[in-house]
Amino acid sequence: MLYLYPTTDRIYATVEEIKSCSGQTVGSISSGGTLGSISSGVEVGSSIGAVAVVEREEPLEEFCRHAETRYLTAGWANLIHEVGQVFTGGVRDFRASLQRYAIENGFMYDFVKNDQYRVTAKCSISSCRWRVHAILDRSNKEFRIKELVNEHGCGSTYRTNKHKRVTSSLVASEVTSLVRTKNNTSPMDLLDLFTDKYGLDLSYHHVWLGVEKARGEIFGDYESSFDKLRWYVEAAKIANPGSLLKLEVDPVSKEFSRLFVSFNACITGFNHCRPFLCLDGTHLKGRFKGCLLAATGKDADQGLFPLAFAIVNAENDCNWLWFLRILKTILSPRPISFISDRNHGLVSNIPAVFPDSHHAYCLYHLQFNLKDHFPGQFRQGYRNRLVKLFNAIAYAPSVSAYMICEAKFYEHGGDKAKTFIASVPKQHWTNAYFQGHRYGEMSSSAIESFNNWILAARLMPIMNLVEELRSKIMIQMSRRREEASRWVSQICPDMDAKLAKRIDKGRSWRVYKSKTGLYEVKSVPAVLVNLEQGTCSCGGWQYNGFLCAHAATVLVKSCGAEGSLVGYIDPFYHVEAYRLTYQDNIHPILAMDIPDFTEGSTRVIKALKNRRQAGRPCVKRIRSRGEEQSFARPMKCARCHKLSHHNRRTCKESTDD
């Protein structure tokens, strides 16, 4: 018989034995059983007539329910489970399994014996019986558990969020696949990952070191990577005939000096791009630092076209001169317009190496230099107004327009404005005085985009870095080649869309013919278009190298068909030029026959030696003078004691005071 006595949070059940005529027990329940076990055929308890306490769910949990979380460490709980268990990875596999097993089961262990043939570990609590002994079976080279006492009497098997056996090597083994997919994985992101998915709280140092070890396992040793370059340079030349790879090594110290790389497909493809190159250098983030110099152009559809890059120890005058001299050997004999951020090595060496070319200064960097020329004592709104007037000077299409804009700039800026204009030669940054042709490019944004494009690769060892860039350029050229094969228009899509907008803009304008090839467009203000000379008084046609709205309107309304526009558009914007740019391809470099470079005594090229600067290594871009930060540096408030963007005087946080 079953008797139930309900209380507030428990149910007491009294069970009495009832026998049939044959004397057999019909049904019973053992003391301590639950409601779920009261059924026919339930195991008979040892005590009859006892009171069973049946637990049920705490009513308060109805008001605070949490989703069940299954951590990624759940499978670690049974990594060590029986005598005879085999570990195919040898002693390292056993140690790793033991480490994870202890973390998930919440206990610490000490090694009694620990070598490549045998490992014996016991619980750190001396009174505990838990012990495991594993040995190497020399007959079949298997590492197996020989003895296992898998019982704890210390009461320390509670899973916690911190454990002394969580090492950087464990972190590296867990994040290797993630780092391989995303090389620039942030340690801060992994801290949250281990908390949310593993239920472990780690220090920043452990995670950072784990990421570095994972990169080492994926990409190899940084030092041996320099020696691999001698094989890579020859292999790249064989796979891509006509490419230029020049490796220089210090003849005395045998240390790496410089490496120049330009593939044949890039060299031949640039002949069909506009004669315009952006030059800049960016620092590397690997163990040995260094700097990457690059020359990037633009294709017919305004896409980035990397021509050449070099890895050097620093961005200085000597290395820029070396880079420009080699760059000249791969360029066709045509005037090139260069644009840069006014680096001293480029300002002095471009005229010396390319006397027939022209050098433009990046307007974006000049704006920050202007703000720096007017320090913090001037209001931000005042400096922004000066930048706007300065931009008007740079874009002025004629000398007369330049003089008008310059006068307005001096009126607002005074003598300091005159000093700044005098410090920057106007033939290097204004449309009115620039002698070359820069196709509307007023800033070096193309090379900045290239630096951001290769951001993840800058963390790799040097040979992996070069190979990653080759792979990225190869994939980009192949994808664009396939896209161009499907185009049916004569003008590239991006430029065709710009042309359509400009034609639509001039639909309401009146066009009057003066003579053959000379037209007046009645817009506000009215402009003069000369089709024979390819100019417009607005300056847009000649400075951008592409039809402005006035010229496009004249061609459409005077000739009566939009097809006549193609003959007046620079061939560098045609689909045919785009296809010729990407007609050649970069071939992969097979690494199957690469020799062994792990032996340090046989190395021919030694790693680059850079003196380490004091403090934590810098991995962020060094901003130009006058460039504003995207956010202010947080500080600790003396009132609320929080890291924030306010101080004691402006604090609005509630406190207990």
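These legends accompany close-up views of a predicted model.

**View 1. The whole chain, for orientation.**
The protein has 657 residues, and 42% of them count as buried. Its secondary structure comprises 17 helices and 21 strands. Among contacts with a separation of 6 or more, 60% join residues 24 or more positions apart. The structure also holds two cavities of 30 Å³ or more. Both cavities have views of their own below.

**View 2. The open sheet of seven strands.**
The strand order is E9-E10-E13-E12-E11-E14-E15. Pairing in this sheet is mixed. Strand E9 (244–249) and strand E15 (358–361) are the edge strands, and each pairs on one side only. From one strand to the next, the twist averages 20°. The next two views stay with strand E11 of this sheet.

**View 3. Strand E11 against strand E12.**
Strand E11 covers residues 276–283, and strand E12 covers residues 291–298. The two run antiparallel and are joined by six bridges. Cys278 has Thr296 of E12 as its bridge partner. Further along, Gly281 stands opposite Leu293 in E12. How much of E11 is buried? Seven of its eight residues are, so the strand is mostly covered.

**View 4. Strand E11 against strand E14.**
Here E11 meets strand E14 (residues 337–340). This pairing is parallel and runs over three bridges. Cys278 stands opposite Ile339 in E14. Cys278 also has a bridge partner in E12, namely Thr296.

**View 5. The largest cavity.**
The largest cavity has a volume of about 130 Å³. It is lined by 16 residues. Which of them are closest to its centre? They are Phe226, Leu284, Lys289, Met460 and Ile462. Helix H5 (222–239) and helix H13 (462–484) each supply at least two residues of the lining. By class, the lining has 11 nonpolar, two polar and three charged residues. Lys289 is one of the residues closest to the centre.

**View 6. The second largest cavity.**
This cavity has a volume of about 40 Å³. Its lining includes Val261, Ser262, Phe263 and Cys266. Pro306, Leu307, Ala308 and Phe309 also line it, as does Ile473. Two elements give two or more residues each: strand E10 (256–262) and strand E13 (304–312). Which element supplies the largest share of the lining? It is E13, with four residues. The lining has eight nonpolar residues and one polar residue, with no charged residues. E10 and E13 also follow one another in the order of the sheet of seven strands.

**View 7. The open sheet of four strands.**
A separate view shows the sheet with the order E16-E17-E18-E19. Its pairing is antiparallel. Strand E16 (510–515) and strand E19 (535–536) stand at the edges. Each has a single partner strand, so one side of each is left without a neighbour in the sheet.

**View 8. Strand E18 against strand E19.**
Strand E18 (residues 527–530) is joined to E19 by two bridges. The two strands run antiparallel. Where does Asn530 find its bridge partner? The partner is Thr535, in E19. E19 is one of the two edge strands of its sheet.

**View 9. Strand E6 against strand E7.**
Strand E6 spans residues 118–123 and strand E7 spans residues 131–137. Five bridges join them, and they run antiparallel. Ala121 stands opposite Val132 in E7.

E7 pairs with strand E8 (residues 142–149) in the antiparallel sense. The pairing has seven bridges. His133 stands opposite Glu147 in E8. How many residues lie between the two strands of the hairpin? There are four. Lys141, in the turn, has a positive phi of about 60°.

Methods. Residues are numbered from 1 along each chain as its sequence is written. This is a predicted model: local features need pLDDT of at least 70, side-chain atom pairs count only at pLDDT 80 or more; totals for chains, interfaces and linings use all residues. Side-chain values use heavy atoms; hydrogens and water are left out. On a 1 Å grid over the protein atoms alone, a cavity is a set of points where a 1.4 Å probe fits but cannot get out, and a pocket is an open set with protein on both sides within 12 Å along at least five of seven lines; lining residues have an atom within 4 Å of a point. Grid points are joined across faces, edges and corners, and a volume is the space filled by probe spheres set on the points. Ala, Val, Leu, Ile, Met, Phe, Trp, Tyr, Cys and Pro count as nonpolar, Asp, Glu, Lys and Arg as charged, and the others, Gly among them, as polar. Two strands pair if DSSP finds at least two bridges between them. Axes are lines fitted to C-alpha atoms, for helices over the stretch in contact, and angles run from 0 to 180 degrees between N-to-C directions. Buried means under 20% relative accessible area, exposed over 50%, partly exposed in between (1.4 Å probe, protein chains only). Contact means heavy atoms within 4.5 Å.
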